[in-house]
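Q: I have not looked at this structure before, and I would like to learn how to read its features one at a time. Could you take me through them, giving the general idea and then the case here?

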Amino acid sequence: MGRSATDPHFAIPQITASKSELEQVDWAPYRTLIKQNKVQSIMVTHEILDAIDPTQPSTLSPKVIKNILRDEFGFKGVIMTDSLTMKGITNYVSQSQAAALAIAAGCDLLMGASSASQVASMIEGIKQALHDGTITQQHIDDSVRRILLMKYQMGLLALPKN
């Protein structure tokens, strides 16, 4: 749990550290490993970082995912959510909204659905976000490319022969 005594399985932790503190302590290992090209994926958990986005959990925040991980850190790999079925998120938004907001924020993989109804709910949220323009097809395509590239780099996927 790091800086928080709150478990995101039950509630959303609120982190009051300054951006400077986060940079020097919490994010330093990530920044270093990303620069060394040693990170293929990152899981973002559900916590509110007051210094970055005091209104949305990190998992749903473009300020954290796009601005910090992608732009500042230059991370080009796969970003996944922590479980979207945790109370820290489901007390905040529905699972269908969480799925759409996480993708819109820049996440590539959604974790946590453990039943067909949860998967269906998340897919419905994503379809609605595509329909209303919150998510673009290009965004989905970019995520799929990152996921397939990671699988290829890990030896889990072979390139087609043709």
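A: A salt bridge here is a side-chain nitrogen of Lys or Arg within 4 Å of a carboxyl oxygen of Asp or Glu. The model is a predicted one, in which local features need pLDDT of at least 70 and side-chain atom pairs count only at pLDDT 80 or more, while totals for chains, interfaces and linings use all residues. Residues are numbered from 1 along each chain as its sequence is written, and side-chain values use heavy atoms, with hydrogens and water left out.

Q: Why are Asp-142 and Arg-145 separated by about one helical turn?

A: As a general idea, side chains of opposite charge can pair when their charged atoms come close. Asp-142 and Arg-145 are separated by about one helical turn because they lie three residues apart in helix α7, residues 137-153. Helices (H or I, at least four residues) and strands (E, at least two) are DSSP runs, numbered from the N terminus. Asp-142 is partly exposed, with a relative accessible area of 29%, where buried means under 20%, exposed over 50% and partly exposed in between, using a 1.4 Å probe and protein chains only.

Q: How many salt bridges are there by this rule, and which residues are linked in a network?

A: The count comes to six salt bridges, and Lys-19, Glu-23, Arg-31 and Glu-72 are linked in a network of them. Arg-31 is partly exposed at 21% relative accessible area, and Glu-72 is partly exposed at 36%.

Q: Are the partners Arg-70 and Asp-108 buried or exposed?

A: Arg-70 forms a salt bridge with Asp-108, the closest N and O atoms being 2.8 Å apart. The pair links distant parts of the chain, with Arg-70 in helix α3 and Asp-108 in the loop between α5 (95-105) and β5 (109-111), 38 residues apart. Arg-70 counts as buried because its relative accessible area is 16%, and Asp-108 is buried as well, with a value of 9%.

Q: Which residues touch the most other members of the largest nonpolar core?

A: In soluble globular proteins, nonpolar side chains tend to be buried together. A nonpolar core is a set of buried Ala, Val, Leu, Ile, Met, Phe, Trp, Tyr and Cys residues joined through side-chain atoms within 4.5 Å. The largest one here has 33 residues, of which Leu-22, Trp-27, Ile-42, Leu-49, Ile-52, Ile-79 and Ile-135 touch the most other members. At least two residues of this core come from each of β2 (41-44), α3, α5 and α6 (116-132), and the largest share, seven residues, is supplied by α5. Leaving aside neighbours within four places in sequence, Ile-135 is in contact (heavy atoms within 4.5 Å) with Ala-100, Ile-103, Ala-104, Ile-126, Ala-129, Leu-130 and Ile-140.

Q: What pattern does the protein chain follow along the sequence?

A: The secondary structure comes to seven helices and five strands, and the pattern read along the sequence is β-α-α-β-β-α-β-α-α-β-α-α. Buried residues make up 38% of the 162 residues in the chain. Among contacts between residues at least 6 apart in sequence, 68% join residues at least 24 apart. The C-alpha atoms fill a box of roughly 50 × 40 × 25 Å, taken along the principal axes.

Q: What is the phi of Asn-37, and where is Asn-37 found?

A: Most residues other than glycine have a negative phi, and most peptide bonds are trans. The phi of Asn-37 is near 60 degrees, a positive value in a residue other than glycine. Asn-37 is found in the loop between α2 and β2, and this residue is exposed, with a relative accessible area of 68%.

Q: How far apart in space are Val-25 and Ala-11?

A: Val-25 and Ala-11 are 24 Å apart in space, C-alpha to C-alpha, and 14 residues apart in sequence. Val-25 is found in helix α1, residues 19-26, and counts as exposed at 54% relative accessibility.
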